[in-house]
Amino acid sequence: MVSPDRDDVLRALERVIDPELRKPVTELDMVRAVEIDAGDVTVTIALTVAGCPLRNSFEEQVAEHVGGLPGVRRVELRFDVMSPDEKAALSAKLRGGRPEKTISLDPRTRVIAVASGKGGVGKSSLTVNLAAALDALGQQVGVIDADVYGHSIPHMLGVRQRPVVVDRMIVPPVRGRIKLISIGNFLDDNAPVMWRGPMLHRALEQFLSDVHWGELDTVVVDMPPGTGDMAISLGQLLPRAEVLVVTTPQPLAQEVAARAAVMAQRTGQKLLGVVENMRGDAFGAGGGAALADELGVPLLGTVPLDRALREAGDAGAPVVETDPGAESSRALVALAETIAATRQAAIRRPLTVLS
């Protein structure tokens, strides 16, 4: 048997992708050593932290890509931990020359803020399902849980891992391909957040500047209810965000949601449209259409409140994944397709020809 070539092993490792940073381990300088003894290959990868929760992903990928090379009889993967200097170098590489404390989102990334004037209208469930549906459409998606006091995104996506800090950069947890960040990722159990306004602004600023988002097509932001500090901060930090206004069908919710829309307009953000959530016998129907008419924007979708949606949220998984045939699931997928199409239409609009 011919021994595998070292260059072939390194080329195979180019297909091993860090599950959190979404880049090849070779590009991230994580390959510490490659040892070949006849048909036995030993690979050492330096992780950012010793207790990396996704070690099994590296093991599976190395076994697949290196183990499939001609002449490889056995593959052993060993782990090491990056030194502080290596972490600093990795952080600098990921920033790509971008100064610290500046917005880390690519200018081409679309930002959709899911907002309402009051709590209890289902913004969080709408956020996680919209993110999952956009992911299924092939988009690279991130989720920011800006509802600091009522953080629920980690639970609704079933994510319990904590973010990894590389030098002074935060690597967000991932669920499949979806990246997410929430103050809940940093807390123990169900600990409350007792902060004043300036700390809320700082939290959102960190989510946007210190978190390594990488290349994303869309970021969905779960906004807190009302028109307070976080809504103002989002308008200041991301004035190009598009706001999706959520209301339940009842007239009172429609009236309060209009305030969130006016707030978005006053901070220079674009109103994407209205979603009527929780349609059904309990709340009635029609409030979303009335609000859309009042604001002069489209009604992008109506989502019924059904048992499948509630059970999926409690279980920590989007209903669009767990029960694609449910009425709520079909409505949420249609909403994601409508929102994705609005961006495509904008891109396809012909440019003005200058002479």
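Buried here means under 20% relative accessible area, exposed means over 50%, and partly exposed is anything in between (1.4 Å probe, protein chains only). Helices (H or I, at least four residues) and strands (E, at least two) are DSSP runs, numbered from the N terminus.

This is a predicted model, where local features need pLDDT of at least 70 and side-chain atom pairs count only at pLDDT 80 or more, while totals for chains, interfaces and linings use all residues. Residues are numbered from 1 along each chain as its sequence is written, and side-chain values use heavy atoms, with hydrogens and water left out.

**View 1. Strand E2, buried on both sides.** Let's begin with E2 (40-47), where eight of the eight residues are buried. Asp40, Thr42, Thr44 and Ala46 point one way from the strand, while Val41, Val43, Ile45 and Leu47 point the other way.

View 2. Two strands count as paired if DSSP finds at least two bridges between them. E1 and E2 run antiparallel, joined by six bridges. Look for Val34 opposite Val43, and for Val31, whose bridge partner in E2 is Ile45. Two residues sit between the strands of this hairpin, and Ala38 in the turn has a positive phi of about 55°.

**View 3. From E2 across to E3.** E2 also pairs with E3 (residues 74-81), this time in parallel, through eight bridges. Val43 turns up again here, standing opposite Leu77 in E3. To get from E2 to E3 the chain passes through H2, and this β-α-β crossover is right-handed; that is, with the strands pointing away from the viewer, the path from the first strand over the helix to the second runs clockwise.

**View 4. Helix H1 and its buried face.** Which residues of H1 (residues 6-13) are buried? They are Val9, Ala12 and Leu13. Seen down the helix axis, these buried residues fall within an arc of 100°, so they line one face of H1; the arc is taken from the directions from the helix axis to the C-beta atoms. An α-helix has 3.6 residues a turn, so residues three or four places apart point the same way. The cover over the buried residues of H1 includes E1 (31-37), E2 and H2 (55-65). At the start of H1, a side-chain oxygen of Asp5 comes to within 2.9 Å of the backbone nitrogen of Asp7.

View 5. Most residues other than glycine have a negative phi. Arg22 sits in this loop with a phi near 60°, and it is partly exposed at 36% relative accessible area. Asp29 lies in the loop between H1 and E1 too. Asp29 has a positive phi of about 55° and counts as exposed, at 54% relative accessibility.

**View 6. Asp210, a buried loop residue.** Asp210 is found in the loop between H6 (197-209) and E10 (218-222). Is Asp210 buried or exposed? Asp210 is buried, with a relative accessible area of 3%. Its side chain makes a polar contact with the side chain of Ser209 (3.4 Å). A polar contact is a pair of N or O atoms within 3.5 Å; within protein, one must be able to donate a hydrogen and the other to accept it, and residues adjacent in sequence count only if both atoms are side-chain atoms. Leaving aside neighbours within four places in sequence, Asp210 is in contact (heavy atoms within 4.5 Å) with Lys101, Arg168, Met169, Ile170, Arg202 and Glu205.
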